[in-house]
Amino acid sequence: MAETDFLSQYSIQRWLEMCPQGYLDDTTYGHESGLTEPEDLLANDDLREASIALTVQLIAGERAALAASSGLVNAAPDHASKAFLATQTLDEARHVEIFTRRLIDLGVKEEDVDSTVNDLANPNLVKFAEVLLEKVGNGDFIAGVVGQNIVLEGMAFSVFELLQATSKDLNPKFAQTLAGTIADERRHVGFGENRIGSLIREHPERKADIERMQAEMSYHMLATFTDVFRGSGPTMDRERQAAAAEGRDLGSAEWHGTDVMAASTDDIEALLAGTVINEFKTRLGRIGIEYQDPKVPA
Ligand SMILES: [Fe+2]
Ligand SMILES: [Fe+2]
């Protein structure tokens, strides 16, 4: 990409037009104002608690993205990257805010938000973030961008898409919140690929260290998926049985060729993990990094 294209594609002006004046125009906390969490979710403690636990993982991931993107502003070697990362910092702060707002909408008191996030954040997700934030803390721009804009956001992108597919009929408020977030993540992942490919070509000696970081982050990501699906599986099964007994139709939602409203939690976990890893392979391949298989989590 020519330098002027890069400057305009990742400019603050472009961000203003696409995002606040574009798909976020007329939204309140990422959704049409007036939309609320569904009554039957709020009235069902089992489902509400599962939604709180899930939303906490989104907040923990987005807090890591906020810490990483803001840290990378200072580590960036050029002003176009600093400007883009400044817009990304605001995007990530917004993601933290809208998912925190959802936690409150699900019944968590404002003063209990931090303790709820600390108590329920998955320990593997916390480790995933630590691997990335160590690179950012050392001012390692190349590893930080690969860890943040390719690994963390490649994961987030697929997780959000899966959640959006499952909530588009049942919870339009959450689905709309996710749609804006997905649009943001798409921009962030694009920046990662465009900016970092040339830097890796200039610094091939950095590849081995970056591949190690990717394998470590992938390990913690897969372990997080396993924990989260193990935790939410029984609730999902109870909800499906209750819906069948009451004659409620949960509808269908196709994601990567599978009806995720009918698939087992094991199958959804395998589908999600496979999708994210394929994304990693493609995106890392484009920047000249070879995807490394992590050890298999227990
Ligand atoms: Fe984000
Ligand atoms: Fe992001």
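Tutor: Before any position is named, a helix in what follows is a DSSP run, H or I, of at least four residues, and helices are numbered from the N terminus. The model above is predicted, and within it D26 lies in the loop between α2 (12–23) and α3 (39–42).

Student: Where in the chain is confidence lowest, and where is it highest?

Tutor: The general idea is that where pLDDT is low, the predicted coordinates should not be read in detail. Here the chain has a mean pLDDT of 94, with 98% of its residues reaching 70 or more. Confidence is lowest in helix α1 (residues 3–9), where the mean is 76, and highest in helix α6 (residues 113–120), at 98.

Student: You mentioned D26, so what is its phi?

Tutor: As a general rule, most residues other than glycine have a negative phi. In D26, which is not a glycine, phi is positive, near 70 degrees, and this residue counts as exposed because its relative accessibility is 71%. H256 also has a positive phi, of about 50 degrees, although it is not a glycine, and H256 sits in the loop between β1 (254–255) and β2 (258–259).

Student: Why are E92 and H95 separated by about one helical turn?

Tutor: An α-helix has 3.6 residues a turn, so residues three or four places apart point the same way. E92 and H95 are three residues apart in helix α5, which is why about one helical turn separates them. Both are buried, since the relative accessible area is 0% for E92 and also 0% for H95.

Student: Which residues are the protein donors of the iron ion (ligand 2), and what do the angles say about its site?

Tutor: For comparison, ideal angles at a metal are 109.5 degrees for four tetrahedral donors. The iron ion (ligand 2) has E92 (OE), E153 (OE), E185 (OE) and H188 (ND1) as its protein donors, at 1.8 to 2.2 Å, and because the angles among the four donor atoms run from 90 to 168 degrees, the site is irregular. E92 bridges this iron ion (ligand 2) and the iron ion (ligand 1), the two lying 3.2 Å apart. E92 belongs to helix α5 and E185 to helix α9 (residues 172–202), so the pair ties together parts that are 93 residues apart in sequence. E185 counts as buried because its relative accessibility is 1%.

Student: Is S81 buried or exposed, and what does it touch?

Tutor: S81 is found in helix α5 (residues 79–105), and it is buried, because its relative accessible area is 0%. Its side chain makes a polar contact of 2.9 Å with the side chain of D78, and, leaving aside residues up to four places away in sequence, S81 touches F6, A76, F141, F191 and R195.

Student: How many residues does helix α4 have, and what is found at its start?

Tutor: Helix α4 (residues 45–75) has 31 residues and reaches 45 Å from its first C-alpha to its last, close to the 45 Å expected at 1.5 Å a residue. At the start of α4, a side-chain oxygen of N44 comes to within 3.2 Å of the backbone nitrogen of D46.

Definitions and conventions
Residues numbered from 1 in each chain as written. Chains lettered and ligands numbered in written order. Predicted model: local features only at pLDDT ≥ 70, side-chain atom pairs only at ≥ 80, totals over all residues. Heavy atoms only, no water. Helix = DSSP H or I, 4+ residues; strand = E, 2+ residues; numbered from the N terminus. Buried < 20%, exposed > 50% of the residue type's maximum accessible area, 1.4 Å probe, protein only. Polar contact = N/O pair within 3.5 Å; in protein donor to acceptor, adjacent residues only side chain to side chain. Contact = heavy atoms within 4.5 Å. Expected span 1.5 Å × (residues − 1). pLDDT = per-residue confidence, 0-100. Donors = N, O, S within 2.8 Å, 3.2 Å for Na, K, Ca; no water. Tetrahedral: all angles 85-135°; square planar, octahedral: opposite > 155°, others 65-115°.
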